[in-house]
Amino acid sequence: MTLSLDRGVELPYAHPAVASARALAGVLAPRQHWSERDLARLTRRFATRAAEQLYLAARFDARDRWHLRLALTEEVEVWLLTWTRGQGTGSHDHGGASGAYTVLHGALTETWTDRRGRRKRTIRAAGSSTSYGPDRVHTVQNCGTLEAISVHAYSPPRPTAPGLT
Ligand SMILES: [Fe+2]
């Protein structure tokens, strides 16, 4: 697989903020398939086992949502995202990828339409995780009173800069 964004990046890649986190050793080991459940577990592991490193790495930008690639393999990518109060995405899909995220700090409000066409809206508090298949179209917003930090994983990795959702 060629990832145009990452020419020159040796895979697997891990950002220095997490590369030295011994508690994360092995969590990105190659596997045939990353299920939605696997992706949720992966984001939880980053959020719990490297929480201190992620808090230190996080930055906030009220003009543009801030993001940092934490890890990239042939099969999966992991991003750290921050959300100032009121920041959010537009409605979007994930380019055929499955995904998951864990809220590390604050809360995020997710809105989507389920497979039966019912509109759903859920507030995901710090410590909560969710995952979804490639058919998910959603918006994610920080409607809370705190800034928010979240860890996101996507599989397969997407060839253009995602990171934002
Ligand atoms: Fe998304």
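User: Which residue stands opposite Ala71 in E2?
Analyst: Ala14 takes that place. Bear in mind that this is a predicted model.

User: How do you know that E1 and E2 pair?
Analyst: The rule asks for at least two DSSP bridges between two strands.

User: In what order do the six strands of the open sheet follow one another?
Analyst: The order is E1-E2-E3-E9-E4-E7, with antiparallel pairing.

User: What makes E1 and E7 edge strands?
Analyst: Strand E1 (13-14) and strand E7 (129-132) each pair on one side only. Helix H2 (residues 36-49) packs on this sheet, where it touches E2, E3 (77-83), E4 (98-105), E7 and E9 (148-155). The direction of H2 makes about 25° with that of E4.

User: How do you know that the span of H2 is close to the expected one?
Analyst: For its 14 residues, 20 Å is expected at 1.5 Å a residue. From its first C-alpha to its last, H2 reaches 20 Å, which is close to that expectation.

User: What makes Leu104 buried?
Analyst: Leu104 has 24 other C-beta atoms within 10 Å, and the cut-off is 20 or more, so Leu104 is buried. This residue sits in strand E4. Leu104 touches Ala47, Ala51, Leu54, Ala126, Ile149, Ser150 and Val151, leaving aside residues up to four places away in sequence. Leu24 is 80 residues apart from Leu104 in sequence and 16 Å apart from it in space, C-alpha to C-alpha.

User: Which order has the open sheet of three strands?
Analyst: That sheet runs E6-E5-E8, with antiparallel pairing. E6 and E8 are its edge strands, since each pairs on one side only. From one strand to the next, the twist averages 15°.

User: How many bridges join E5 to E6?
Analyst: Seven bridges link E5 (residues 107-113) and E6 (residues 119-125). At least two are needed, so these strands count as paired. Trp112 has Lys120 as its bridge partner, and Thr111 has Arg121. The hairpin holds five residues between the strands, and Gly117 there takes a positive phi near 85°.

User: How do you know that E5 and E8 pair?
Analyst: Four bridges join E5 to E8 (residues 138-141), and at least two are required, so the two strands pair. Thr109 stands opposite Gln141 in E8.

User: What makes the radius of gyration agree with that of a compact globule?
Analyst: With 165 residues, a compact globule would have a value near 15 Å; the protein chain has 15 Å, so the two agree. Along its principal axes, the C-alpha trace spans about 40 × 35 × 25 Å.

User: Where is the pLDDT below 50?
Analyst: The protein chain has a mean pLDDT of 90, and 90% of its residues reach 70 or more. Over residues 1-7, however, the pLDDT is below 50, and this stretch has eight contacts beyond near neighbours in sequence. Where pLDDT is low, the predicted coordinates should not be read in detail.

Methods: Residues numbered from 1 in each chain as written. Predicted model: local features only at pLDDT ≥ 70, side-chain atom pairs only at ≥ 80, totals over all residues. Contact = placed C-beta atoms within 7 Å. Axes fitted to C-alpha atoms, helices over the stretch in contact; angles between N-to-C directions. Expected span 1.5 Å × (residues − 1). Rg over C-alpha atoms; globule rule 2.2 N^0.38 Å. pLDDT = per-residue confidence, 0-100. Buried ≥ 20, exposed ≤ 12 C-beta atoms within 10 Å, placed from the backbone.
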